[in-house]
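Please read it alongside the sequence and coordinates.

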Amino acid sequence: MSSSYWLTNVRLESGYLYENGVISGTETEICHLRIEGGVINEIVTANKPLETDLPKQDGKNLLMLPSFIEKHVHLDKTLIGETWRAVVPVANITGRFEVEKQVLPSLPTSTKERAENLLATLLSAGSTEVRTHVDIYPEAGLHNLEEVQMALEQYEGKLSYEIVAFPQHGLLRSKSKELVRAALREGATLIGGVDPAMVDGDIEASLQQMMELAVEANAGVDLHLHDPDYLGTFTMRRLAALTMEAGLQGRVAISHAFALGEVPAGEAAELSAILAEAGITIITSAPHSRTLPPVPLLHEKGVAVAAGCDNIFDTWQPFGNGDILERAGRLAERFRWIGELSLSQSLGFITGGKTPLDRDGKRAWPNVGDEASVVLVDATSTAEAVARRAERKAVFYRGTLVAGGLQS
């Protein structure tokens, strides 16, 4: 396809439908979009004849959504491409570390091959932006980083990505400071961490070391935090304070953050205000088996919330299909977002806040000048797409078809 072309006959949302003053559905219209240099340069209604010498790609009246962001995944851990195996039971998280250290190096496929398999899965499900955590620890050195980088090179021009240098076995516990520093020099763009209390055993020293590395490398931060209730919220308060001191507002995330859902609502509300001030994002995988952070409260307090699939068939979990739209639907189920408005707005948790309509029913996306990274789905509205996990028919990254297809 030419770098300049018309994507014709796509369904765009134009407003909400009301019945007795209540939103009852979504109105749509068929439009043509002129794509040039990976950007949407023109949007016209399909009611008028399209006179152009540019190539055309027929969108088949499919609903167009912004492409998705997979905000938390582990490309180096997946077993996709390997034969089936269930997870080996262990007594605790350190036991899980040991299983993983033994299994992954023994596999016949390489980390690069398995990472490529997972990237293909993510892309076909509509994710064109990926944040991957990559394990950094003494036994592995920078091997996982190097393999994942080679896999990502194979997807150049198909998606964008961020790499988190992740000391899975504890930054302090595994004495990985120098390795993480090297990973940040070699292309990782964020530093990770895990459970400063339960894994590292020293909240202050763990957070201080993590932030020191982040400031030194001018990198972002993404902390895995499973530590429960007030132990977890204390850690969040300290991270927020250190974020402000380091001037890293807007560049820090806390993944999982179960503790926010395990403390009283008043404590969660107070902490949410602190997180919002520090510009800290909460990232959830919406697990079935854990108490989730209170997403509606966080959203109300101005805290950015995103979703990720996390473990996808690996030595930690046998589950997962790489479909981030399924995770948006799971969030909707967990928080009882069952109406047209709440379902359609839930898409924002997997698109960096982009939704076709705003809460007042005005078109918020797409606009002229927007990047042409879109997904065409078989649905009548965003709400249906989320609730029914609509089939992804075609995925475009910066105007280029990168997954699926549209038959002429």
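The lining of the largest cavity is made up of six nonpolar, one polar and three charged residues. The model is predicted, and a search of the whole structure finds two cavities of 30 Å³ or more in it.

**Largest cavity**
- The volume of the largest cavity is about 60 Å³.
- Its lining includes Leu-79, Ala-86, Val-87, Val-88, Val-99 and Val-103, which count as nonpolar.
- Arg-85, Arg-96 and Asp-314 also line the largest cavity; Arg and Asp count as charged.
- Thr-315 is another of the lining residues.

**Second largest cavity**
- The second largest cavity holds about 40 Å³ of space.
- Its lining has nine nonpolar residues, with no polar and no charged ones.
- These residues are Tyr-5, Leu-7, Leu-33, Ile-35, Ile-40, Met-64, Ala-372, Val-374 and Phe-396.
- Strands S1 (4–19) and S2 (22–36) each contribute at least two residues to the lining of the second largest cavity.

**Packing of H2 and H3**
- Helix H2 (residues 111–124) and helix H3 (residues 143–153) have axes that come within 8 Å and cross at roughly 45 degrees.
- H2 and H3 are therefore oblique to each other.
- The crossing of H2 past H3 is right-handed.
- On the H2 side, the contact is formed by Thr-111, Lys-112, Ala-115, Glu-116 and Leu-119.
- On the H3 side, these meet His-143, Asn-144, Glu-147, Val-148, Met-150, Ala-151 and Leu-152.
- By class, the residues of the H2–H3 contact are six nonpolar, three polar and three charged.

Conventions:
Residues are numbered from 1 along each chain as its sequence is written. This is a predicted model: local features need pLDDT of at least 70, side-chain atom pairs count only at pLDDT 80 or more; totals for chains, interfaces and linings use all residues. Side-chain values use heavy atoms; hydrogens and water are left out. On a 1 Å grid over the protein atoms alone, a cavity is a set of points where a 1.4 Å probe fits but cannot get out, and a pocket is an open set with protein on both sides within 12 Å along at least five of seven lines; lining residues have an atom within 4 Å of a point. Grid points are joined across faces, edges and corners, and a volume is the space filled by probe spheres set on the points. Helices (H or I, at least four residues) and strands (E, at least two) are DSSP runs, numbered from the N terminus. Axes are lines fitted to C-alpha atoms, for helices over the stretch in contact, and angles run from 0 to 180 degrees between N-to-C directions. Angles under 35 degrees count as roughly parallel, over 145 as roughly antiparallel, 65 to 115 as roughly perpendicular and the rest as oblique. A crossing is left-handed if the near helix is turned anticlockwise from the far one by less than a right angle, and right-handed if clockwise. Contact means heavy atoms within 4.5 Å.
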